[in-house]
Amino acid sequence: MQIKGPSAAVAAAGTKAAAGRDAKEDAKLKAACTEMEAVFLNLLMKEMRKSVPKGGLVGNSSQEDIMRSLLDSEMTKNMAQSGGVGLAEMLYRQLSAHDAPSDNKGQAPS
């Protein structure tokens, strides 16, 4: 009969905790990448709006500019959360490959 010592249980608990921490940090990294894509899309939308001539049904007002800015901000957040243009996924792959320990040092991440 073999009795496992407390070190085996501690090692198993440590591995489980490390996996939980990695999953938590992985989720935080994904969220940060999605937010970064939303910021990028918002800047892109703002520059695109500058190219459109002013005017319209209600004219030009600071209220319209504020409301349009809020609309663009929410729209770009939703765009990024639903997949966006793929920037968040690309950032996530690059950054998670950078954090992961690898045996192939000196090679570009895939």
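Which side chain does Arg-68 meet in a salt bridge? The partner is Glu-64, at 3.0 Å from N to O. This is a predicted model. The protein chain has 110 residues, and it holds three helices and zero strands. A search of the whole structure turns up five salt bridges.

**Overall build**

- Read along the sequence, the chain follows the pattern α-α-α.
- Helix H1 covers residues 6–50 and helix H2 covers residues 62–81.
- Helix H3 covers residues 87–99.
- Of the 110 residues, 11% count as buried.
- The chain exposes about 9000 Å². Carbon and sulfur atoms supply 61% of that area.
- Take the contacts between residues at least 6 apart in sequence: 83% of them join residues at least 24 apart.

- Arg-49 forms a salt bridge with Asp-72. Their closest N and O atoms are 2.8 Å apart.
- The pair links distant parts of the chain. Arg-49 sits in helix H1, Asp-72 sits in helix H2, and 23 residues separate them.
- Are the two partners buried or exposed? Arg-49 is partly exposed, with a relative accessible area of 33%. Asp-72 is buried, because its relative accessible area is 4% and buried means under 20%.
- Asp-72 also has other contacts beyond its neighbours within four places in sequence. Asn-42 and Met-45 are in contact with Asp-72, as is Arg-49.

- Arg-68 and Glu-64 are four residues apart in helix H2. About one helical turn therefore separates them.
- Arg-68 counts as partly exposed, at 32% relative accessibility.
- Glu-64 counts as buried, because its relative accessibility is 16% and the cut-off for buried is under 20%.

- Which residue pairs with Arg-93? Glu-89 does, and the closest N and O atoms of this salt bridge are 3.9 Å apart.
- Arg-93 and Glu-89 both lie in helix H3. They are four residues apart, about one turn of the helix.
- Arg-93 counts as partly exposed, at 43% relative accessibility.
- Glu-89 is partly exposed too, with a relative accessible area of 44%.

**A nonpolar patch on the surface**

- Which residues form a nonpolar patch on the surface? They are Phe-40, Leu-44 and Met-48.
- Together these residues have about 280 Å² of accessible area.
- Phe-40 lies in helix H1.
- Phe-40 is partly exposed, with a relative accessible area of 40%. Its area passes the patch cut-off, because patch residues need over 30%.

**Points to locate in the structure**

- Start with Asp-72 in helix H2, a buried residue at 4% relative accessibility. Then find its salt-bridge partner Arg-49.
- Next, trace helix H2 to the pair Arg-68 and Glu-64.
- Move on to helix H3 for the pair Arg-93 and Glu-89.
- Finish at the patch of Phe-40, Leu-44 and Met-48.

Key. Residues are numbered from 1 along each chain as its sequence is written. This is a predicted model: local features need pLDDT of at least 70, side-chain atom pairs count only at pLDDT 80 or more; totals for chains, interfaces and linings use all residues. Side-chain values use heavy atoms; hydrogens and water are left out. A salt bridge is a side-chain nitrogen of Lys or Arg within 4 Å of a carboxyl oxygen of Asp or Glu. Helices (H or I, at least four residues) and strands (E, at least two) are DSSP runs, numbered from the N terminus. Buried means under 20% relative accessible area, exposed over 50%, partly exposed in between (1.4 Å probe, protein chains only). Patches are made of residues with over 30% relative accessible area and no salt bridge: like charges are joined within 9 Å, nonpolar side chains (Val, Leu, Ile, Met, Phe, Trp, Tyr) within 5 Å. Accessible areas come from the Shrake-Rupley method with a 1.4 Å probe; for residues, only the protein chains shown count as cover. Contact means heavy atoms within 4.5 Å.
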